[in-house]
Amino acid sequence: MLIALLLAFGAALVAPWVTGRLGRSAGWLLALLPAGLTLYFLSLGPRVAAGEPLVQRVSWVPQLGVELAFRVDGLALLFGLLIAGIGTFVAVYAGGYLAGDRQLPRFYLLLFSFMAAMLGVVTSDDLILLFVFWELTSITSFFLIGFQHESEESRANALQGLFVTAGGGLAMLAGFVLLGSMAGTYRISELLASPAVLVEHPAYPLALALVALGAFTKSAQWPFHFWLPNAMAAPAPVSSYLHSATMVKAGVYLLARLAPALGGTPQWFWLLTLVGGATVLAATLLTLLQRDSKRLLAYSTIVALGTMVLLIGVGTPAAIKAMVVFLFAHALYKAPLFMAAGSVDHEAGSRDVTRLAGLGRSMPWTWLAAGLAGISAAGLPPMLGFIGKELAYEGLMGAPWLLAGLIAAGAVLLLVAVQVAWVPFAGRTVRAPKAPHEAPPSMLVGPLALAALGLTFGLVPGLVQDGLMRPAAAAVLGAPYAFDLYLWHGLTLALGLSLLTVSLGVALAATWRRWQPLLLARFGGVRVGPVAVYEGGWRWLLRFAALQTRFVQSDDLRHHLTIIVAFTVALTGGVALWRGGLESMVWAPSGAYLHEFLYFAVILLATATVVRSHSRLVVITSLGVVGFGVAFVFVLFAAPDLAITQFLVDTLVVIIAALVLIRLPSSALRGEGGRDIRWLSGAVAIAGGALITGLLLAVTGLPFDGALTRFFEANSYPAANGRNIVNVILVDFRAVDTLAEVVVLAVAAGGVGALLRRRLGRGDADAARREPDGGAQ
Amino acid sequence: MNLPPIMGDLVVLVPVVTLVVFAALTLLFGVFTRERAALGGLALTGVIAALVFTVFLWLQARAGGVAVTALGGAFRGDALSYAFSFIILIGAGLAVVLADGHRVRLQLDQPEFHPLLLLAAAGGLVLVSAGDLVTLLLGLEIMSLAVYVLAAWRERSRVSEEAGMKYFLLGAFASAVLVYGIALTFGATGRFDFAGIAAAAAAPDFAARGLLLLGALFVLVGLAFKVAFAPFHQWLPDVYTGAPTPVTAFMSVVVKTAAFGALLRTTGTLVDALGVGPIGEVLPAVLAVSIGLTMVVGNFGALLQSGVKRMLAYSAVAHAGYVGLAVLAGGDAGVQAASYYLFTYTFASVAAFAVLLSLMDDDDRGDRLERLAGLGRRRPWLAAALAVIMLSLAGFPPFAGFIGKAVVFQAAIAAGHAALAVLGISTAVVAVVFYARVVMTMYLREPDAHTPVARPIPRRTAVVMAIGLAATVVFGLFPGLWLDWIARAPWWSAGF
């Protein structure tokens, strides 16, 4: 399996080269790869049917417990065959549809990458590996959807699809990690083997919700359905591939895959049936508003996906049987319908079904394919679609409300089939924007072959019953399940309901031309529900981003400082009040003399002057007074060496500051902003000062460990021959620190020198030029 | 008092000394000759020599299985310091090559430029190898001072000067806070060295736990400024945008990795020292709030940017948040996750800035997103490289960025920070949008008449891109290459 996947990715890489060489006929040659993969999956059929899944494991990231584990059972086989088989025909079809497009090489690269990723999704036996392939399908489909389209809107749509599916995918990853930690393994087959552990775990609802979110977004379930019709900007081969058999079915696959592990609970039942039901309902109603053949098909796809989710949610053997057959039938008819719609667009120039008629003469083969697929889509005998629909009715017999919804949906699906497969072709008068002619063979093989398969399997369901349908259903149910498929069930209730559906659908189709314009006029421009929520949410997101950026991000240095100080003070001060830390603080103003208070008064006064004054010279002088005051305090408390250092440093700082400040424009000193800002800054500054004072008092209140003092006293003369302990520490005991400080100074000096040298002799006019870099929108 | 041997195993200093020596050599060479073209080569030689010594020491330490110290415990050679030194030197080497390729047009050929880069890297090595808080401060200052100057290097640019000035003022303030925290920590425990702090706090009669907590908070603030945790990140977008692009690349990898190395060691020690209970809970809680804020602020800030360089700057904040998750998780798993994340981010980030450099104007300006329009067709290889890197940074498999996020989230969840991991995942969805926008512009948008044509890429820059790209893919497909290598020496936190 690993080799097959590597082959597929490898083929994706050489595909552009092959296309470049062969040009038009490349599609036929490249289709050999998916054809070969189809044969490979077919060859696995007998052993899978016999209950022996293909298993392969290669270690990948043992630290995370992730391995390249693959497992092909009935469900994987069904999906693998659809992906590779339809991929074969899509490759051929695209060769014709995109003939002459100079981006065709890139298209094949993306298409085969996508196909390989999709195969990876369905054959992975490891949750993380599955996620890897899952996100790969998101990326590649993002490019495929955006392919060939340059308009702002289709780019936005591609991004929308990516945002929704990749976002859901990340939620799914969280769910997977949760599942992994619940069960202690990421291997899917082991999860399936021990469902009780998961279902009874307290985190089960959360894990279920996260995983389901991934599945629902991918499979375009309500309320995430809106991205799928918007993705119809993609060229027809992409639509037919992504929206029939692959991309959108990945969500259905995931739910079906995990059904034995997560299913069977009330939460599972209600979540899936409600969402699936809502999807069917919403998509059914929205379908009525469409005229574009591809959008009609897109909404009918959502209806079908909703039905499948619904059936998985119900989870009875009958429902699962119906789901499997319906899924197979849907893939076989939806792909040819998309291809036919694309052919009509390509050869006759429109997808608006109200503008097309009478194409059947000039495009008979396309009509044949579309017609056969349409009969299947409408759920009419003798096609496989009929069997699928009958089974779905039977599977929902116990739930009349769901059944009623499904009947309405069935009628609308018939309407879609008529609109896409009958209306554009039938009639004698030819209406089309450009002179229609038959599509080239490459664009006929696919639709015809797939539609023919739908017919064959409908007439002889026994062909796929044992080898494909039973193993697939067994994989979803987690237990072997024997059933037989018949085209003719006898006169059952389901048949009656089918008749009801058909008559309803025919009635709708017959009157469509009359009521559809009215409906469109009334509701066409309304944007409600999830789309509005999405767009509103998007705007809200941008507004939030702008707001928070404005709050924490400004050009003002003082703003930055205020935030930093305020945050630090709030943090430490809050913690100190809340959890303690200042217990050792002592307040003991013992025996202070008056002149000592005088020094402090001078320092405080000078500080106030620094803050209040607008004159630069006054500010600088006052700063000097503060520093000298501190130095005098040192003198007072018998630390002459500290005092002299302080005097020297302060003198230097005052001189340098004076030199710098005089060069600054006078506005630089005056703070901008109003009174409030000044008060705020002041409050923050005072709080900061108070906190530091408290902390200092707390530290001095602690018992002092004199070990270091004693050590230096005892050792500085004998070990280092020095009597000045401070000097000995600097040049001897901590000499390396001093050396490093010298390096720091050297760096600073070098850097300042470099900057000065660069700026000397340069006019200020140059410097004033501002550039148009970046900036917020 | 039981002090470690004063000299110790001085050999662990060799990489740092090598860098300093080469800085001096490069400076002398640059001042006394006119041969500017050779400066980059000389600087690169220094970095490679230091890298070789580091790898050698690392191998030796793995064989011996114990951490070594030098200078009385001030300097440590253990898995954390070697792994992070390795990452720093790789980042520095790539940045040196990148700067060299655009030396002339960005006016980076003054004799001081390369020495400052080397000294900054040396400071980074000191920072991640520091065994006590004083050495840590020294490393931080050596690195920061050099970077303050480099950030203001761009000539004739008010933005660059203003950014450098702001960075310097705020950075000095943050350093002051850090010094304050160190003093408080010393006040509480009587020790500067990590081992001593841990031992003092473990003593049964240790009374100043509350004070130690306040000191730890101050230290955290000082380091949070350097790694750009919100709300201490405000300098970053301006400085990253204002600095010459090779310097931005350097800062985004070297400065960040070094600061995280120090943060891992410091928080690891302090969280352990504070123990469990009401006081011990505070530091992780504060860290968690800050990290959550960082992820939100970084990702949402990046969402709004129309300049690619500025977008990368904000996303650098976001990535700091993700590495922060690993710091918070702590333990061996946390350190390993952080090292993997930073290791792969180094390649991706430098390569992204390398691509950006070849799209910007001669004077290193103009980074608007529209410039990338149609790049997919006009320069397919360049576009493909940038696309892979953007997708990796966004966390898409099978690239290294995905594994990085996966190991980080896993470490966080395993350490009981599931809620924060979920927040990380949600903000990563936002990141998908702004990274995908770059990819989309390259492939799905037609260039108009004003779109400049990308310049030819100097061979050296192409090498940087190729290395970055290859590493992003290879370490994404085979993450075990790094994870296995570091996991085999489980002595991250041991040896205090």
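**Reading buried residues, interfaces and salt bridges**

Me: Where is B:V439 placed in chain B?

Reply: Helix α17 of chain B, residues 418–444, holds B:V439; helices here are DSSP runs (H or I, at least four residues), numbered from the N terminus. The model is predicted, with residues numbered from 1 along each chain as its sequence is written and chains lettered from A in the order in which they are written. Local features need pLDDT of at least 70, side-chain atom pairs count only at pLDDT 80 or more, and totals for chains, interfaces and linings use all residues, while side-chain values use heavy atoms, with hydrogens and water left out.

Me: Is B:V439 buried or exposed?

Reply: Buried means under 20% relative accessible area, exposed over 50%, and partly exposed in between, using a 1.4 Å probe and protein chains only. B:V439 counts as buried because its relative accessible area is 1%.

Me: Which residues does B:V439 touch, not counting residues up to four places away in sequence?

Reply: Contact means heavy atoms within 4.5 Å. By that rule B:V439 touches B:A387 and B:M390, together with A:F143 of chain A.

Me: How many residues of chain A are in contact with chain B, and what area do the two chains bury?

Reply: The size of an interface is often given as the accessible area lost when the parts come together. Here that loss is taken with a 1.4 Å probe and summed over both parts. Chain A places 97 residues in contact with 103 residues of chain B, and the two chains bury about 9300 Å² between them, carbon and sulfur atoms giving 71% of it. Helix α31 of chain A (residues 735–759) gives the most to the side of chain A that touches chain B, with 16 residues.

Me: What does A:D737 show about helix α31 of chain A?

Reply: A:D737 lies in that helix. Leaving aside its neighbours within four places in sequence, A:D737 is in contact with B:V134 and B:L138. A:D737 is classed as buried because its relative accessible area is 15%.

Me: How is chain A divided into domains?

Reply: Domain bounds come from an automatic or database domain assignment. Chain A has domain 1 (1–263) and domain 2 (266–526), with C-alpha centres 23 Å apart. Between these domains of chain A, about 4300 Å² is buried, 80% of it from carbon and sulfur atoms. On the side of domain 1 of chain A, the residues that lose the most area to domain 2 are A:L78, A:F89 and A:Y93, together 15% of what that side buries.

Me: Which residue forms a salt bridge with A:D292?

Reply: The partner is A:R351, with the closest N and O atoms 3.1 Å apart. This pair links distant parts of the chain, 59 residues apart: A:D292 is in the loop between α14 and α15 of chain A, and A:R351 in the loop between α16 and α17 of chain A. A:R351 counts as partly exposed because its relative accessibility is 22%.

Conventions
Helix = DSSP H or I, 4+ residues; strand = E, 2+ residues; numbered from the N terminus. Salt bridge = Lys/Arg side-chain N within 4 Å of Asp/Glu carboxyl O.
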